[in-house]
Amino acid sequence: MSNQEDHYEKDLEVALQSVKKCQENLRLESCMQCDKIFECTIRKAYVVAVYNSMSKGQSGGFEF
């Protein structure tokens with residue numbers, strides 16, 4: 001695994017911990033239970049981190 005790939009995995013882990021901490025603070029089991037799900041910057045950052053981790057920063061040609 002290259003340093004760049006490590007970077008994406010580390011970013012994903014940080015984003016995941018932020019989501020979990022937020023859920024814990026709000027006493028929620030899922031972001032789906034939150035009224036702010038669609039405007040939440042924490043969740044948006046997590047989604048971007050997941051995408052970047054899966055695509056390793058490459059744009060185009062990646063399908064979910």
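Q: Which residues does glutamine 23 touch, leaving out those up to four places away in sequence?
A: Glutamine 23 touches Leu28, Glu29, Ser30 and Cys31, where contact means heavy atoms within 4.5 Å. This is a predicted model, where local features need pLDDT of at least 70, side-chain atom pairs count only at pLDDT 80 or more, and totals for chains, interfaces and linings use all residues. Residues are numbered from 1 along each chain as its sequence is written, and side-chain values use heavy atoms, with hydrogens and water left out.

Q: Thanks! Where is glutamine 23 found?
A: Glutamine 23 is in helix α1. Helices (H or I, at least four residues) and strands (E, at least two) are DSSP runs, numbered from the N terminus.

Q: Is glutamine 23 buried or exposed?
A: Glutamine 23 counts as buried because its relative accessibility is 15%. Buried means under 20% relative accessible area, exposed over 50%, and partly exposed in between (1.4 Å probe, protein chains only).

Q: And how many helices and strands does the chain have?
A: There are two helices and zero strands.

Q: Switching to cavities: how many of 30 Å³ or more are there?
A: The count is one cavity of 30 Å³ or more. On a 1 Å grid over the protein atoms alone, a cavity is a set of points where a 1.4 Å probe fits but cannot get out, and lining residues have an atom within 4 Å of a point.

Q: What volume does the largest cavity have?
A: About 80 Å³. Grid points are joined across faces, edges and corners, and a volume is the space filled by probe spheres set on the points.

Q: Which residues line the largest cavity?
A: The lining is made up of Val19, Cys22, Gln23, Leu26, Leu28, Cys31, Cys34, Ile37, Cys40, Ile42 and Arg43. The elements giving two or more residues to that lining are α1 (3-26) and α2 (41-55), and α1 supplies the largest share, four residues.

Q: How does that lining split by class?
A: It has nine nonpolar, one polar and one charged residues. Here Ala, Val, Leu, Ile, Met, Phe, Trp, Tyr, Cys and Pro count as nonpolar, Asp, Glu, Lys and Arg as charged, and the others, Gly among them, as polar.

Q: New topic: what about the phi of arginine 27?
A: Arginine 27 has a positive phi of about 60 degrees although it is not a glycine. Most residues other than glycine have a negative phi.

Q: Where does arginine 27 sit, and is it buried or exposed?
A: Arginine 27 is in the loop between α1 and α2, and it counts as exposed because its relative accessibility is 77%.

Q: Last one: how far apart are the C-alpha atoms of glutamate 9 and valine 50?
A: They are separated by 8.7 Å, with the two residues 41 residues apart along the chain. Glutamate 9 is in helix α1 and counts as partly exposed, at 31% relative accessibility.

Notes: 1 Å grid on protein atoms, 1.4 Å probe; cavity = no way out; pocket = protein on both sides within 12 Å on 5 of 7 lines; lining within 4 Å.
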